[in-house]
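Here is my note for your first reading. Keep the sequence and the model open beside it.

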Amino acid sequence: MERAATDFPLRVTRYFAGLMKKGDADDPLLRQVLPTRRELDPTAGYGPDPTGDLAAAAGPGLLHKYHGRALVVTTGSCAIHCRYCFRRHFPYAAHRAHDRQWRDLAESLAEKKEVSEVILSGGDPLTLANSRLRFLIERLQEVPHLDRLRIHTRLPVVLPARLDRELLSILTESRFRCVMVLHVNHPAEITTWLATALAPLRPAGVTLLNQAVLLKGINDALDTQLLLCEKLFDIGVLPYYLHQLDRVAGAAHFEVSRARAKALHEQMRCRLPGYLLPALVEERPGSAHKHPL
Ligand code: SF4
């Protein structure tokens, strides 16, 4: 376990650890963050950059894969280290946008006239202090053809207090239409603290979506997925994507076969209203879109 944690250390918030069941080595939240020696097993087909991020690099910290959208790698930091993370080997030092490059980044985006949506990603963009986020968003607002700001974050799920009033002001004062895409994998991650922290966002016009990763032994049971979708709706979040695992080195033991994933998704389709059914997708490097399975 120590060797598995050398390059990608164990990291978890006290809050998230507090949601785990004590004494249960199979707790679904614990298994997402606890390094295991299985991460050291080399597995054919698994590599350091499973989604082709590096080939999509288009400027300082900028990834441009899909028409109309560009993604900013704002930071390499996260409040939690998910063992299955597809960017666990990402060379953040060379490929993230440092503060001094944020003006250059806005200039790069200004040249990409077809881009109307900018996605803040990382790492987790909400590990940035509010002052830095405000500065970055102000620079992005100077690009006239950007309309939408999307934030990909797991931070509210592992530290709900991060959604503070100042952050809300930054989002509501910007001219962007804002979308926050959370990352919740299991119904036990949905708490009254999370619900309370998210409550002001929707009335403020922020669209709330969720993307989950299908993980063997963690959320690959029908009841778990149904409860996840329903509890997300209860807190005002729509299930958006259920991702087939990206084949990143060290995460092979989390993979659910495509056949099982498709069968599970069909069962979900029979039980959920269409608006609560996330799209089951996988990412293929170099493709112009995510692929529905
Ligand atoms: S929070 Fe997101 S970026 Fe950070 S380790 Fe987890 S999956 Fe990866």
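1. Start with two terms. Two strands pair if DSSP finds at least two bridges between them. Strands (E, at least two residues) and helices (H or I, at least four) are DSSP runs, numbered from the N terminus. With that in hand, look at strand β9 (residues 279-282) and β10: two bridges join them, and they run antiparallel. Val 281 has Pro 292 in β10 as its bridge partner.

2. A word on the source. This is a predicted model: local features need pLDDT of at least 70, side-chain atom pairs count only at pLDDT 80 or more, and totals for chains, interfaces and linings use all residues. Residues are numbered from 1 along each chain as its sequence is written.

3. Now the whole sheet. It is open and has ten strands, in the order β1-β2-β3-β4-β5-β6-β7-β8-β9-β10, with mixed pairing. Which strands stand at the edges? They are β1 (57-59) and β10 (291-292); each has a single partner strand, so one side of each lacks a neighbour in the sheet.

4. Helix α4 (residues 102-111) packs on this sheet. It touches β1, β2 (62-63), β3 (69-73) and β4. Its direction makes about 105 degrees with that of β1. Contact here means C-beta atoms, placed from the backbone, within 7 Å. Axes are lines fitted to C-alpha atoms, for helices over the stretch in contact, and angles run from 0 to 180 degrees between N-to-C directions.

5. Move to the parallel pairs. Strand β5 (residues 148-153) pairs with β6 over six bridges, in the parallel sense. His 152 has Val 181 in β6 as its bridge partner. Val 181 in turn has Leu 209 in β7 as a bridge partner.

6. Strands β6 (residues 177-182) and β7 (residues 207-213) are parallel too, with four bridges. Val 179 stands opposite Thr 207 in β7. Between β6 and β7 the chain passes through helix α8 (residues 192-198), a right-handed β-α-β crossover. Right-handed means that, with the strands pointing away from the viewer, the path from the first strand over the helix to the second runs clockwise.

7. β7 and strand β8 (residues 238-243) run parallel, joined by five bridges.

8. How do two helices pack? Helix α5 (residues 130-141) and helix α7 (residues 165-173) make an angle of about 5 degrees, with axes 10 Å apart. They are therefore roughly parallel (angles under 35 degrees count as such). From α5, Asn 130, Leu 133, Arg 134 and Ile 137 make the contact; from α7, Glu 166, Leu 167 and Ile 170.

9. From Gly 122 to Gly 123 it is cis, with omega near 15 degrees. Gly 123 is in the loop between β4 (117-121) and α5.

10. Last, the ligand. Residues around it include Cys 78, His 81, Cys 82, Cys 85, Gly 122, Gly 123 and His 183 (C-beta atom, placed from the backbone, within 6 Å).

Definitions and conventions: Parallel < 35°, antiparallel > 145°, perpendicular 65-115°, else oblique. Contact = placed C-beta atoms within 7 Å.
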